[in-house]
Amino acid sequence: MDYYLSPTHTQRFDLTIKNSQFITTVCRTKGRDAAKAFIEEMRQRYPDANHHCWAFIAGMPNNAHLWDQSDDGEPKGTAGKPMLNVLQHSDFGETTVVVTRFFGGVKLGAGGLVRAYSQAVQEALAQTEYENVYPRCPVQLKIAYPLLGKVEYWLEQSDIEITNKTYSDSIVIDLAVIERTWPEHKVTLTDLCQGSLTLIEPDNA
């Protein structure tokens, strides 16, 4: 995939169905630990709520190892699963959705709960402010000291992220490159260094 969507910041959306209040909070989360920490944060923010149902895709949308969901006490399959289903069809990644429910005294039934939790997430994601996230892969660049200035300047103007620098007899710069644009950037960088560089990159970069 060229890119996926992810929230720019934590956002809250409210929905009332048959007197029950559904508070949907959407957050960008990278990895399971970040997702679980956000879910716990919502539990602490609304300690009196009846349920904190959640679903997350904590990485790229196609990485099923970073999907999870919970009904949090609602009848099995009526909350977390439909929430995750909406998330899976949304093109969002690195995203956790928590739907906090305050029971309003009117039971919705299993079908009603599925519709309510699905609607809560659908409406929230439709209104969520997001940015495009481009998948990156690691590349290691090794250059001599005289090249550092112009290489750093060029990297600052590009879409490449510098993740680390190591100084020894030469300079090793760890990069996170966008797969789609890296081939072109690789040619430019090689020309810039007049071929005096070493690149260590994954096979697909």
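Is Arg43 buried, partly exposed or exposed, and what is its relative accessibility? Arg43 counts as partly exposed, at 27% relative accessibility (buried is under 20% relative accessible area, exposed over 50%, partly exposed in between, with a 1.4 Å probe and protein chains only).

## Basis

This is a predicted model, in which local features need pLDDT of at least 70 and side-chain atom pairs count only at pLDDT 80 or more, while totals for chains, interfaces and linings use all residues. Residues are numbered from 1 along each chain as its sequence is written, and side-chain values use heavy atoms, with hydrogens and water left out.

## Salt bridges

The structure has 10 salt bridges (a side-chain nitrogen of Lys or Arg within 4 Å of a carboxyl oxygen of Asp or Glu). One of them joins Arg43 to Asp72, at 3.4 Å from N to O. Arg43 lies in helix α1 and Asp72 in the loop between β5 (67-70) and α2, so the pair ties together parts that are 29 residues apart in sequence (helices are DSSP runs of H or I with at least four residues, strands runs of E with at least two, numbered from the N terminus). Asp72 is partly exposed at 23%.

Arg136 and Glu161 form a salt bridge with their closest N and O atoms 3.5 Å apart. Arg136 sits in strand β8 and Glu161 in strand β9, so this contact ties together parts that are 25 residues apart in sequence. Arg136 is partly exposed, with a relative accessible area of 31%, and Glu161 is partly exposed at 40%. Elsewhere, salt bridges that share partners join Arg28, Glu94 and Glu131 into one network. Within it, the closest N and O atoms of Arg28 and Glu94 are 2.9 Å apart.

## The β9-β10 hairpin

Strand β9 (residues 161-167) pairs with strand β10 (residues 171-178) in the antiparallel sense over six bridges (two strands pair if DSSP finds at least two bridges between them). The two strands form a hairpin with three residues between them. Ile173 in β10 is the bridge partner of Lys165.

## Aromatic pairs

The whole structure holds six aromatic pairs (rings of Phe, Tyr and Trp, the last by its six-membered ring, with centres within 6.5 Å; planes under 30 degrees apart are stacked, over 60 edge-to-face and the rest tilted). Among them, Tyr46 and Phe102 are edge-to-face, 6.4 Å centre to centre with 85° between the planes. Tyr46 lies in the loop between α1 (32-45) and β4 (51-57) and Phe102 in strand β6 (residues 95-102), so the pair ties together parts 56 residues apart in sequence. Tyr46 is buried at 11% relative accessible area, whereas Phe102 is partly exposed at 26%.
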